[in-house]
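Hi,

Here is the structure I promised to pass on.

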Amino acid sequence: MNAPLDVPSAILHRRSIKSFQTRSVPPELVRRLVELAIAAPSSYNLQDWRIVLIQDEMQKVALAEACFGQQQPIQAPMTFIFAADPNSWKGDITPIYEQGIRTGAWTEETVEYFKSAIPKFQASLGGRSREYAVKDAMIAATHMVLAAESLGLSTCFMNGWSEEKVKG
Ligand SMILES: Cc1cc2nc3c(=O)[nH]c(=O)nc-3n(C[C@H](O)[C@H](O)[C@H](O)COP(=O)(O)O)c2cc1C
């Protein structure tokens, strides 16, 4: 494999590619892409994205149908779906606090502050909570797209799909 492109080069070389070679991507490279995507920042570090990897041939066909017949999900060896989870903060987010402590990013005081600030902030969002989660998911997706370019893989962001069909 070639040396990874630096960030400015990856940004400038990236293009939305519409046809792909079908050859599979090595699992360690797939893992690396996910690792780099989830290193993205998120509001209150909620990491409120859910990343679904589509590689199975039948799922690829179903996804292309959900994308109004666009062929990228069939041709490309894999498609990552970035879903936003506006309710993640209502679940168990202890692992996020533990990660903050383990990496040295947060102190116990920071964790205590977040424990009270997160519910207050999220409640204040009202109808905008989906928008906030979508922002976080898009930042993570952008990390992945630029990481892929840097590591020698082409990509295409896609917005042309039926949300209901993709969920189904
Ligand atoms: C949010 C988003 C959604 C997009 N959706 C599609 C899509 O559904 N199908 C497609 O072929 N290209 C899609 N594109 C690619 C754009 O057409 C492309 O980024 C734009 O024409 C600029 O070209 P470039 O990415 O090569 O610089 C999308 C791009 C973005 C950022």
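Of the 168 residues in the protein chain, 17% count as buried, meaning that 20 or more other C-beta atoms, placed from the backbone, lie within 10 Å of the residue's own. Bear in mind that this is a predicted model: local features need pLDDT of at least 70, side-chain atom pairs count only at pLDDT 80 or more, and totals for chains, interfaces and linings use all residues. Residues are numbered from 1 along each chain as its sequence is written.

The chain has 8 helices and 2 strands, in the order α-α-β-α-α-β-α-α-α-α from the N terminus. These are DSSP runs numbered from the N terminus (helices H or I, at least four residues; strands E, at least two).

Leu33, Leu36 and Ala37 of α2 meet Ala140, His143, Met144, Ala147 and Ala148 of α7, contact being C-beta atoms, placed from the backbone, within 7 Å.

Then the ligand: around it are Arg15, Ser16, Lys18, Gln70, Cys156, Phe157, Met158, Asn159 and Gly160, each with its C-beta atom, placed from the backbone, within 6 Å of the ligand.

Cheers

Definitions and conventions. Two residues are in contact if their C-beta atoms, placed from the backbone, lie within 7 Å. A residue is buried if 20 or more other C-beta atoms lie within 10 Å of its own, exposed if 12 or fewer, and partly exposed in between; C-beta atoms are placed from the backbone.
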